[in-house]
Each structure stands twice: as structure tokens, then as C-alpha cells.
Amino acid sequence: MPRESEGASNPTRTAKIVPASDAAVADAKNDEPPPPPTAVEPAPDADDATEVSAPAVDRVVASVDGDPITMREVKDFASQHGQPIETDDFASSDTAKTAVKALIGEKLLEQEVKKYDDKVDDEQIDKYITQLRMDKHLSDAEFRAQLQASGMSYDELRKRARLDLEKAMMIESEVRAKINVPDADIKVFYDAHKEDFTIAKERLRLAQILIALPVNPTPAQVSAAQKKADMVRARAVKGDDFGDLARIYSDDDSKSSGGELGWFAPSDVMDQILAAVKPLKPGEVSAPVRTSHGIHIVKLEEHEVPGLVPLNDVKAQIRAELVDQQSSAQLEKWIESDLVKQHYVETMY
């Protein structure tokens, strides 16, 4: 259908371990769990004091509800977040104290997220994994092969996805939902970043369901394909999920990605398709369109028109951005003002 898509890149954010548990606010897909607690080694006997090669004691530096946090665990956690600790004297190291505080926060969040164990169902997990796959532009088979090559089983991925969704649900409920962003703040942000909301070139983001036809189809084949296309389009217009319909009925390679095709300049779209989608509003589905490939049902996902995007069109986007900016501080406040009081937390350095 389209000739060539325009790639789009998304910026990523790097979470630091300051303030405590910034990582918990970051994209759940990128959340790496801290390493398991390391067993505490016994102190050497007095008779062994002269041995030069005796291993250093991995002492406990903190605990949460009696669960020990060791020096080695803190150092591993800090290294994972790009802030290695070079000293064993935690009492005089601000980096070490920050890492201990952040790891305590992670432990508290691990306890709190258990309250959300029964709030995530299999359908949510399926959609989460499908989105992960679509973000990588992989078919289901390619995605599973890549997963296997990484050493993770599909069952392990589902467990990880469940935990990510539970964490996201917890953060949304306990942190993000409690952040109030006034309309005045949104307007100030919009006015200060108008260049970010100005579109230079027209683009369309499309998805399709293709009912394929052979070369030189018979009238009966065309009639059957048209009947199928009409049925699929009617279900899409009625409200059935377009991506699910694509996975079931489409004959195009894009079916594995729910029919998603990506972004296109108008000049990159076949004339018949462009004529069908240009009058549509985002979210609407075209009437069936016949081309040499078959019969297409096309959904206009987004349509960017050159010029300044109206404030009302980006209000929700700006609100989410401002909530993101406040989430880390609000999360730290929630941990320190509420969670710490609900658990027994101790530091020993």
C-alpha cells in the first residue's frame, strides 16, 4: 500500500538513584530489579586474624522489616545505576548513603506492590507484551526468537510483565493520580514550548487490514473478498478493536503488529488510499478500497497538519509531561512520609 514510511524516534530518560527510587517512576519495561540479598559472611576466628588473604566481611548496613541489606548488595545496586561506590566507609560517603536510601525505597515498594497482586489479569499482560513486540516492529515468531536468544522464557516474561503492570498501577494510584496540574501551568508550558508543538510537514499514521486477491481474480473471488471486507469494516466501525481484527483477518505482513504501518508523507501513499483517508478524522476507518493488492480497510490513526497544534489538542500530553516532572519528588515524599512509617527500617553505618 504505502511506498515508504518515515521513521520516528522517541527520547528516553535515564533514571538516577537520586532521589530515592526515581527508578520506580521510570518506564516499567526498563525497570531492572535489584540483585538478591547476599548472605552475611561470619566474622573470622581470632586464630585466623593473621591470614592476609582472609575475605572482607560483607556486613549488614540496613534492614527493612528485618530483611538485611548488605554492603555488597548496595554496591551492586549503585553500580547498576552508574554510581559505583569505592569505599567501605558508608558513614562518610554521600554516594553510599544515597544508594542505601534508594535501595531501602525499592524494598519498601516491593512490599507495597504485593497489594496489587490480584489487580492485573491475563488480558492486560497479553496487551502489554503485544505492545512491547510492536515497539520493536517484530512478528510474534521474531519476538519469541529474540526472547529465547536473550535467555528469558516466555513464562518469565509474563511474570515480569505482571510485576511491571502492578508497579505502574501502584505508582498511578499512589503518586501520579494525586498530582494536580492547573490549566494555567499547562498554558505556561505550551507558550514556552510552541516550537515543540509546531508541525513542519504533513504526515499520516495509518493501519490497515488487507483482504488479498490473486492476480486476475475471478468475479467470484472479488465478490467473496468484498463481502469479507464489508464484514470486517462493519465490525471496526461498530467498535471492535482494529488491531485484533487485523491479526485475525488481514493478509498483510502488518497483521502481526495489529495492522500498524507507521507514519507517511501524503506523497508516499497510493492515490486510492490517500483519497479514502484524507477526509477521515483520527480514529476513523475508511470504506473498503480496491487496489492491485486486494481490498484495503484503512484506519487513520493520526494526522499531522503543518502549523501550530492547538492547545486543546496537546493539553493531555502536556499534563502528562508535567506530572512526569513532579512524580519523582512525589514518590520520594510518599515513601518517606507514609511507607517508612508503616515498616521497621534501620540503618547501621
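Me: What makes Phe-90, Ala-91 and Tyr-349 residues that Lys-97 touches?
Reply: Contact means heavy atoms within 4.5 Å. Lys-97 touches Phe-90, Ala-91 and Tyr-349 in that sense, with residues up to four places away in sequence not counted. This is a predicted model, where local features need pLDDT of at least 70, side-chain atom pairs count only at pLDDT 80 or more, and totals for chains, interfaces and linings use all residues. Residues are numbered from 1 along each chain as its sequence is written, and side-chain values use heavy atoms, leaving out hydrogens and water.

Me: Why is Lys-97 called partly exposed?
Reply: Buried means under 20% relative accessible area, exposed over 50%, and partly exposed in between (1.4 Å probe, protein chains only). Lys-97 has 32% relative accessibility, so Lys-97 counts as partly exposed.

Me: Where is Lys-97 found?
Reply: Lys-97 is in helix 2, residues 94–112. Helices (H or I, at least four residues) and strands (E, at least two) are DSSP runs, numbered from the N terminus.

Me: Why is Asp-65 called partly exposed?
Reply: The relative accessible area of Asp-65 is 41%, therefore Asp-65 is partly exposed. Asp-65 lies in the loop between strand 1 (60–64) and strand 2 (67–70). Its phi is near 55°, a positive value in a residue other than glycine.

Me: Why does Asn-216 count as exposed?
Reply: Asn-216 counts as exposed because its relative accessibility is 69%. The loop between strand 4 (203–212) and helix 7 (219–238) holds Asn-216.
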